[in-house]
Amino acid sequence: GGKMSRGHWTRRFARALYLEDAAGVPLVLVSCDLWNMPGGLIDVVAERLARDPALRHIGREHLLVAATHTHHSQGNFCSSAACNDFAQPLPGFDPDLFEFLVRRVVGAIGDAVEQRRPARALRSQATLAGFFRNRSLEPFLLNPEAADILAANAALPECTPTAMFPDPRACR
């Protein structure tokens, strides 16, 4: 009984950012407070967008929808039975939850399109030494391209070894 949801601590959201280049080609970035983002959900979102006259210019190829991977989100909405069986104590697919999530993602995209305004984007590049750490360095080292990646990043400083991350190459 302690494994079953009985409410929420905080609300979860779908947030969308609508971008459009000078030629009018859109790109929509959506972040959803979910543990997983199934491809089937994105496909249905794209189908719904195609039906809306104000949003039909946004095709599946213009969507980048991702999950924050929170451990406090619902389950049973995946297009894969294996994911539905893995993510929560009770297996199965919940079509009502799936439909709710589709509506919320489409709504977030619609809100972003309605609230769009001209902007200018600038791009810059910088090295963030020590900002990232490979938390699974041992399996990474088994990849055939691992040595090449480490060599390409040799100019980055090494990590300070810790008990959890003893290999200083983890920051490279």
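In this predicted model, the side chains of Arg60 and Asp43 meet in a salt bridge, 2.9 Å from N to O (a salt bridge being a side-chain nitrogen of Lys or Arg within 4 Å of a carboxyl oxygen of Asp or Glu). The pair ties together distant parts of the chain, with Arg60 in the loop between H1 and E3 and Asp43 in helix H1, 17 residues apart. Helices (H or I, at least four residues) and strands (E, at least two) are DSSP runs, numbered from the N terminus. Arg60 is partly exposed at 36% relative accessible area, and Asp43 is partly exposed at 37%; buried means under 20%, exposed over 50%, and partly exposed in between (1.4 Å probe, protein chains only).

Residues are numbered from 1 along each chain as its sequence is written, and side-chain values use heavy atoms, leaving out hydrogens and water. Local features need pLDDT of at least 70, side-chain atom pairs count only at pLDDT 80 or more, and totals for chains, interfaces and linings use all residues.

Searching the whole structure turns up 6 salt bridges. Arg15 and Asp33 form one at 3.7 Å, N to O. Here Arg15 sits in strand E1 and Asp33 in the loop between E2 and helix H1 (39-51), 18 residues apart. Arg15 is partly exposed at 49%, whereas Asp33 counts as buried at 16%.

As for the sheet, 3 strands make an open one in the order E1-E2-E3, with mixed pairing (two strands pair if DSSP finds at least two bridges between them). E1 (14-20) and E3 (63-67) stand at the edges with a single partner strand each, so one side of each has no neighbour in the sheet.
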